Amino acid sequence: MRQYAAENPGDGDPRRRLAEVTAEVERFGTYEHTAAEVAYGARVAWRNAARCIGRLYWNNLIVRDLRHVTHPDDIASECFEHLRIATNGGRIRPVISVFAPDRPGRPAATLLGEQLVRYSDDPRSTHRVALARDLGWKGGETPFEILPLLVQPGSGLTPEFYEVPEDAVLEVPLTHPRHPGFATLGLRWYAVPAVSDMSLEIGGVTYPAAPFNGWYMGTEIGSRNLADTDRYNLLPAVAELFGLDTRNERTLWRDRALVELNLAVLHSYEQAGVSMADHHTESRRFLAHVDRERRHGRPVPTDWSWIVPPLSGGATAVFHRYYDPEDPELRPAFVHRTAEVPQGCPYGAA
């Protein structure tokens, strides 16, 4: 409350608000945020996200206050609307949808899965595919098939699954600017990375369903999702396509294939008119964020291992310096939830 008042001095004396909050907590064991407090808390949670390189635009986050939405059908519908709003025809907008908070003895609904959109053939989706099939889903047989959204009404309750409408997901087919044969790999990826497996914590109140998104940095797809050996592991296929010598690591075939894969991702999103940052530009933007925050007298907690891009890290502006350390107690914040196992189901929520 004091932090909110300090950064929003036009909203009046915080002592009155603190007295209201104290009275609510004493009576109900919790309290209700105002719409302005939810919006402020969500934006500052992004500002405090130590692993995010894109925080320069934290104050532009579109906050959808959906605390009144509690039924799984309605939560799913609003999640799909979130994707439509964020997609914005390809000009991606940062959005968060804040659903009902936990209350004493009454845990709120949660979303099971890392992001609102995930593919069934992604090795990271194994547990979620199994859970969806246990619930009755019949899909998951074709490459890049979108998983259904899983909504768990409350702790220990059986989740519901919802097919993601086609008009809610913009996908980008991947091509290469100099190699027409790249398209034969049949690769694609979606436009909006909406994180859904983290709780939003503001002033002691937890919002377990609060999906949020920015836009992709190219290396997230080209160097991690498609290239990691425990994900799509596509570097050998790309190397073969480009005729690289893979008999010896000293040929740096992995590095060369990685560059070509990242080039294809950036090229494809640009051709499709979908917002995407490259790692060099985003690194400079992050340092601009650091400078701006320090002018306001605020620290910038940073996890160096996440901020430095997974491609050409030493060539980026963020590599050659130190940052303020992470503070696990800092709030507001996005916090990873403990994976819940729905009642009667052997699979976790990851």
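You are looking at a predicted model.

How many salt bridges does the whole structure hold? A search finds 25. Visit some others.

Select Glu114 and Arg118. They form a salt bridge, and their closest N and O atoms are 2.8 Å apart. Are these two residues buried or exposed? Both Glu114 and Arg118 are buried, so each has under 20% relative accessible area.

Next, go to Glu249 and Arg254. Here the closest N and O atoms of the salt bridge are 2.9 Å apart. Glu249 has a relative accessible area of 45%, which makes it partly exposed. Arg254 is partly exposed too, at 36%.

Then select four residues together: Glu7, Arg47, Glu293 and Arg298. Salt bridges that share partners join them into one network.

Where is it? Thr34 sits in the loop between helix H2 (14-28) and helix H3 (35-47). With a relative accessible area of 34%, Thr34 is partly exposed. Which residues does Thr34 touch, leaving out those up to four places away in sequence? They are Arg17 and Arg67. Show both beside Thr34. Now draw a distance from Thr34 to Arg285. Their C-alpha atoms are separated by 32 Å. Along the chain, these two residues are 251 residues apart.

The last stop is Cys52. Select the loop between H3 and strand E1 (62-65), and you will find Cys52 there. An unreviewed UniProt entry annotates Cys52 as "binding site". Is Cys52 buried or partly exposed? Cys52 is partly exposed, because its relative accessible area is 23% and the buried class covers values under 20%. Finally, show Trp46, Phe286 and Ile307. Cys52 touches these three, not counting residues up to four places away in sequence.

Conventions
Residues are numbered from 1 along each chain as its sequence is written. This is a predicted model: local features need pLDDT of at least 70, side-chain atom pairs count only at pLDDT 80 or more; totals for chains, interfaces and linings use all residues. Side-chain values use heavy atoms; hydrogens and water are left out. A salt bridge is a side-chain nitrogen of Lys or Arg within 4 Å of a carboxyl oxygen of Asp or Glu. Buried means under 20% relative accessible area, exposed over 50%, partly exposed in between (1.4 Å probe, protein chains only). Helices (H or I, at least four residues) and strands (E, at least two) are DSSP runs, numbered from the N terminus. Contact means heavy atoms within 4.5 Å. UniProt positions are given in the numbering used here, feature names are shortened, and annotations may be inferred rather than shown by experiment.
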